[in-house]
Amino acid sequence: MYSDTPIAGPYAHERTSVSRIMVLVVLALVPATLFSLWQFGWPAIFLFLITVGTCLIAEAACLRAAEKPLRPSLLDGSALLTGWLLAMSLPPWAPWWIGVLGGLIAIVVAKQVFGGIGQNLFNPAMVARVPLLISFPAELTRYVAPAPLFSPQAPGFGEGLAITFGLDGPDMVTGATLLGQVRTDLGQGHPLPDILPGIYQPWSDAVGTLAGSMGETSALLLLLGGLFLLSQRVITWHIPVATIVTLALAATLMNLYDPAHYPDALYHLVGGATLLAAFFIATDPVTSPISPRGQLIFGAGLGVLIYSIRTWAAYPEGVAFAILLMNTCTPLIDHYVRPRVYGRDRKGAPIEYADDADAEVTR
């Protein structure tokens with residue numbers, strides 16, 4: 001005997017889950033992270049562990065305060081990934097309290113205040129990065145040239161602890177990123193042909209043998225990680241490609257206009273955190289548009305903002321600011337650029353098929 005009442009929902013089930021997505025993103029970050037930790041030694045390792053640990057502890061504390069179960073949320077990997085991305089955006093020899101404060105801001109203020117995973121309006125790691133940069137510019141702009149772990153010039157385990165926990169003088173932490181050095185020299189009136197030869201080697205910058213945060217010093221490995229995410233269908237190509245193409249196009253046009261003051265596209269792609277942003281941060285499904293066209297708009301806007309902030313604003317790196325600005329545009333993009341409903345046109349009207357028209361004529 002058959003019944004017209006369905007006994008189960010007509011849903012298509014996939015193996016995708018929050019925890020699987022988080023694990024795959026973390027796996028994609030592992031090569032670039034391990035390379036950067038090896039490049040910057042024990043201080044970077046300690047800061048990474050402190051930042052990630054703070055995020056996990058803050059997540060547990062917020063869940064306990066809200067009387068929510070700890071196990072599902074802590075095991076879904078979202079807090080781990082937030083701390084991971086935040087650590088990748090910090091100077092590798094930053095003091096311990098930068099990691100603690102950043103982790104608290106990312107989890108408590110940017111995530112749990114809004115209701116937890118899936119409810120936040122802005123990317124938590126970038127919400128932490130921006131106030132840290134504005135409030136503590138000295139600590140957030142001190143960089144070191146890579147000193148590979150266990151090399152003669154690298155600090156040992158004890159020295160690394162002393163650097164991270166402020167027991168050794170900040171005179172050990174000097175230097176600037178490629179973007180910061182070029183911005184400073186341009187501000188002093190030097191043309192690019194005089195600046196770049198001594199500090200800009202595209203291959204070295206792509207591999208990661210230059211000063212910067214862990215997310216700025218391994219563009220090639222980040223690109224490989226991003227391609228892995230695309231191959232696993234964790235992300236789609238729309239945001240990364242739109243971001244990279246728009247940034248490259250803007251840089252190329254300005255470089256053709258005035259090559260003495262505007263670097264070329266490769267400089268912007270391998271320098272800074274462009275690839276970390278394009279593949280790992282901007283593609284956050286919670287804070288980016290849901291439709292393919294909306295994602296293209298989002299990525300294009302991100303590329304324009306990154307270039308504009310790097311070129312004309314007060315900060316040499318504009319990734320965090322650009323992502324937060326585009327996060328604010330996501331609801332507006334989703335409102336006006338919606339995916340087409342199956343069986344309806346772009347305006348939402350039902351699509352009339354030939355069979356339907358023939359049936360109407362027959363009646």
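These questions and answers walk through a predicted model of one protein chain.

Q: How many helices and how many strands does the secondary structure of the chain come to?
A: Let's begin with the overall picture of this predicted model. The chain has 363 residues, and 49% of them are buried. Its secondary structure comes to 17 helices and 0 strands.

Q: Among contacts between residues at least 6 apart in sequence, what percentage join residues at least 24 apart?
A: Here we look at pairs in contact, which have heavy atoms within 4.5 Å of each other. Contacts between residues at least 6 apart in sequence are the ones counted. Of these, the share that joins residues at least 24 apart is 75%.

Q: What is the volume of the largest pocket?
A: Now for the empty spaces. Rolling a probe the size of a water molecule over the atoms shows where space is left empty. For the largest pocket, the lining consists of 30 residues. The volume of this pocket is about 650 Å³.

Q: Which residues of the lining lie nearest the centre of the largest pocket?
A: Several helices take part in this lining: H1 (18-65), H3 (78-88), H5 (124-135) and H14 (274-281) each supply at least two residues. By class, the lining has 19 nonpolar, 9 polar and 2 charged residues. Nearest the centre of the pocket are Met22, Thr283, Asp284, Pro285 and Val286.

Q: What is the volume of the largest cavity?
A: Besides the pocket, we can look for cavities, where the probe fits but cannot get out. The structure holds 2 cavities of 30 Å³ or more. The largest cavity has a volume of about 140 Å³.

Q: Which helices each supply at least two residues of the lining of the largest cavity?
A: The largest cavity is lined by 15 residues, and those closest to its centre are Arg129, Ala273, Glu317, Val319 and Ala320. The lining divides into 9 nonpolar, 3 polar and 3 charged residues. The helices that each supply at least two of the lining residues are H5, H14 and H16 (319-336).

Q: How much space lies in the second largest cavity?
A: Let's see who lines this cavity: Thr177, Leu178, Leu179, Leu210, Ala211, Glu216, Gly271 and Gly272. By class, the lining comes to 4 nonpolar, 3 polar and 1 charged. The space in the second largest cavity is about 40 Å³.

Q: At roughly what angle do the axes of H1 and H4 cross?
A: Helix H4 covers residues 96-109, and its axis comes within 8 Å of the axis of H1. Where they touch, residues of H1 including Leu47, Ile50 and Cys62 meet residues of H4 including Trp96, Gly99 and Val108. The contact has 10 nonpolar, 4 polar and 1 charged residues. The crossing is right-handed, and its angle is roughly 35°.

Q: Is the crossing of H3 and H5 left-handed or right-handed?
A: The axes of H3 and H5 come within 8 Å and cross at roughly 35°. Thr82, Leu85 and Leu86 in H3 meet Pro124, Ala125, Ala128 and Arg129 in H5. These residues divide into 5 nonpolar, 1 polar and 1 charged. The crossing of H3 and H5 is right-handed.

Q: Why does alanine 277 count as buried?
A: Alanine 277 sits in helix H14. Setting aside neighbours within four places in sequence, alanine 277 is in contact with Ala282, Val319 and Ile323. A residue is buried when its relative accessible area is under 20%. Alanine 277 is buried because its relative accessible area is 0%.

Q: Is glutamine 39 buried or exposed?
A: Glutamine 39 has its place in helix H1. Leaving aside neighbours within four places in sequence, the contacts of glutamine 39 are with Pro146, Ala147, Pro148, Gly208 and Thr209. Its relative accessible area is 3%, so glutamine 39 is buried.

Q: What does leucine 224 count as at 48% relative accessibility?
A: Leucine 224 lies in helix H11 (residues 219-231). Leucine 224 and proline 31 are 193 residues apart in sequence, yet their C-alpha atoms are 8.9 Å apart in space. Between the cut-offs for buried (under 20%) and exposed (over 50%), a residue is called partly exposed. With 48% relative accessibility, leucine 224 therefore counts as partly exposed.

Note on methods
Residues are numbered from 1 along each chain as its sequence is written. This is a predicted model: local features need pLDDT of at least 70, side-chain atom pairs count only at pLDDT 80 or more; totals for chains, interfaces and linings use all residues. Side-chain values use heavy atoms; hydrogens and water are left out. On a 1 Å grid over the protein atoms alone, a cavity is a set of points where a 1.4 Å probe fits but cannot get out, and a pocket is an open set with protein on both sides within 12 Å along at least five of seven lines; lining residues have an atom within 4 Å of a point. Grid points are joined across faces, edges and corners, and a volume is the space filled by probe spheres set on the points. Helices (H or I, at least four residues) and strands (E, at least two) are DSSP runs, numbered from the N terminus. Ala, Val, Leu, Ile, Met, Phe, Trp, Tyr, Cys and Pro count as nonpolar, Asp, Glu, Lys and Arg as charged, and the others, Gly among them, as polar. Axes are lines fitted to C-alpha atoms, for helices over the stretch in contact, and angles run from 0 to 180 degrees between N-to-C directions. A crossing is left-handed if the near helix is turned anticlockwise from the far one by less than a right angle, and right-handed if clockwise. Buried means under 20% relative accessible area, exposed over 50%, partly exposed in between (1.4 Å probe, protein chains only).
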